[in-house]
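Here are my notes on the model you sent over, point by point. Have it open next to you while you read.

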Amino acid sequence: MLVLCIESSCDETAAAVVRDGRQILSNVVASQVDVHARYGGVVPELASRKHVEALPVVVDQALAQAGVAMGDIEGFGVTRGPGLLGALLTGLSTAKAMAWALGKPLAAVHHMEGHILAPLLEGELDFPFLALAVSGGHTHLYRVDGIGRYRVLGQTLDDAAGEAFDKVAKLLGLGYPGGAVIDRLAGEGNPRAIAFPRPMLHKGGFDFSFSGIKTAVLQEVGPHPGPLSPERLRDLAASFQAAMIEVLTIKTVRAAESEGLPRIVVAGGVACNRGLRQRFAALAAERKLEVRFPSPALCGDNAAMLGVPADHYLRMGRTAGLDAEPLASWALDKC
Ligand code: KG4
Ligand code: ZN
């Protein structure tokens with residue numbers, strides 16, 4: 001089955017053609033980063049407008065790159081939520097219109113479901129597994145027993161991990177979005193230079209809290225840090241990142257072991273982080289666990305990842321009607 005998928009939950013406009021929920025024929029992403037960078041974060045209204053402009057373009061590109069015509073598409077997949085309401089609405093309306101015009105079914109899926117199932121686009125993956133979903137809006141630990149079978153084991157009580165990276169980057173004058181910049185600087189700094197806290201490492205079960213680390217960075221540099229030396233920036237980035245990585249990896253491994261799960265999937269934009277990938281790989285070897293990361297292009301927001309759940313739900317007949325509305329907040333285990 002050939003499925004055309006659309007993603008527009010935040011600041012990436014994306015379209016992809018996926019065959020049988022496993023094979024990527026095209027995966028086009030139009031980033032709005034430059035539009036929002038000057039405001040230091042995503043401006044929802046601007047995001048919606050840019051999606052409206054970019055959607056027809058990315059859809060055409062996705063079809064052309066896949067070498068298929070619109071008439072070959074057998075079903076549609078789209079992110080229904082969670083995300084920015086206006087942004088979601090643009091993609092959902094586009095997908096509904098195409099499905100209606102072609103008389104083909106539409107699956108409206110959860111954004112994080114796409115993220116955590118992305119490894120299935122790159123090879124076999126056995127269920128059950130533990131998923132750590134880390135992005136700009138989420139930090140969740142899920143037990144995944146199959147497609148559509150998710151249980152939340154833990155989640156952040158305040159900031160998402162990506163949000164913490166972005167806020168700290170802003171604080172240090174590194175621009176937006178900051179995760180990748182911190183990652184790069186951290187690779188050259190001393191992770192033990194500053195002892196930032198590891199919030200909730202030994203309490204709160206599998207829940208997380210990241211706002212304290214951000215506050216600790218603020219206390220370290222002061223409210224108006226001014227220009228920081230390159231060496232100080234590198235050490236701040238490395239020490240902050242080390243604290244994030246320690247909490248994320250230790251809680252995740254603990255959750256996997258307590259659930260008796262032999263494999264872990266780390267997904268979402270923060271899963272691009274090189275330090276996180278290295279630490280997880282080392283822990284996996286030590287603890288005899290399998291840890292899987294989607295390749296970086298499938299960690300950030302994209303539409304191909306939606307192809308896995310969309311194909312599954314289309315085959316089941318779990319389709320969305322033209323009255324389906326976007327959901328700004330939506331719990332994955334309540335889908
Ligand atoms: O999944 P994603 O592309 O969008 C959301 O669904 O939120 O994740 C974006 C987040 C941003 O907060 C960004 O700073 C973070 O992922 N990110 C990273 C890295 N690359 C992107 N965080 C840490 N290290 C990275 N290399
Ligand atoms: Zn995402």
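Predicted model: local features only at pLDDT ≥ 70, side-chain atom pairs only at ≥ 80, totals over all residues.

1. Let me begin with a loop. Pro177 sits in the loop between α5 and α6 (179-186), and the bond that joins Tyr176 to Pro177 is a cis peptide, with omega at about -15 degrees.

2. Pro128 has its place in the loop between α4 and β6 (129-134).

3. Met200 has a phi near 60 degrees, which is positive although the residue is not glycine. Its place is in the loop between α6 and α7, and at 15% relative accessibility Met200 counts as buried, because the cut-off for buried is under 20%. Lys288 also has a positive phi near 60 degrees, again in a residue other than glycine. That lysine is in the loop between α9 (274-287) and β10 (290-292). Lys288 is exposed, with a relative accessible area of 72%.

4. Now the metal. Which residues coordinate the zinc ion (ligand 2)? They are His111 and His115, each through NE2, and Asp301 through OD, at 2.0 to 2.1 Å. Along the sequence, the spacing of these donor residues reads H-x3-H-x185-D.

5. On to the cysteines. How many disulfides does a search of the whole structure find? The count is 0. Cys10 is in no disulfide, and the nearest cysteine sulfur, in Cys272, is 14 Å away. At 26% relative accessibility, Cys10 counts as partly exposed. Cys299 itself is buried, with a relative accessible area of 0%.

6. The axes of α5 (residues 161-171) and α8 (residues 230-259) come within 11 Å and cross at roughly 175 degrees. The two helices are therefore roughly antiparallel to each other, since angles over 145 degrees count that way. On the α5 side the contact is made by Ala161, Ala164, Phe165 and Val168, which meet Phe240, Gln241, Met244 and Leu248 in α8. By class, the residues of this contact are 7 nonpolar, 1 polar and no charged.

7. Helix α5 also packs on α7. The axes of α5 and α7 (residues 211-221) come within 9 Å and cross at roughly 10 degrees. That makes α5 and α7 roughly parallel to each other, because angles under 35 degrees count as such. Lys167, Val168 and Leu171 in α5 meet Lys214, Val217 and Leu218 in α7. The contact of α5 with α7 has 4 nonpolar, no polar and 2 charged residues. Note that Val168 turns up in the α5 contact with α8 and in the α5 contact with α7.

8. Staying with α8 for a moment, have a look at Ser239, which lies in that helix. Ser239 is buried, with a relative accessible area of 0%. Not counting residues up to four places away in sequence, Ser239 touches Asn190, Pro191, Arg192, Ala193, Ile194 and Phe196.

9. Finally, Ala54. This residue is found in helix α2 (residues 44-66), and at 16% relative accessibility Ala54 counts as buried. What does Ala54 contact, leaving aside its neighbours within four places in sequence? Thr13 and Ala30. As for Gly103, 49 residues from Ala54 along the chain, the C-alpha atoms of the two are separated by 24 Å.

Definitions and conventions
Residues numbered from 1 in each chain as written. Chains lettered and ligands numbered in written order. Heavy atoms only, no water. Donors = N, O, S within 2.8 Å, 3.2 Å for Na, K, Ca; no water. Disulfide = S-S within 2.5 Å. Buried < 20%, exposed > 50% of the residue type's maximum accessible area, 1.4 Å probe, protein only. Axes fitted to C-alpha atoms, helices over the stretch in contact; angles between N-to-C directions. Helix = DSSP H or I, 4+ residues; strand = E, 2+ residues; numbered from the N terminus. Parallel < 35°, antiparallel > 145°, perpendicular 65-115°, else oblique. Contact = heavy atoms within 4.5 Å. Nonpolar A, V, L, I, M, F, W, Y, C, P; charged D, E, K, R; others polar.
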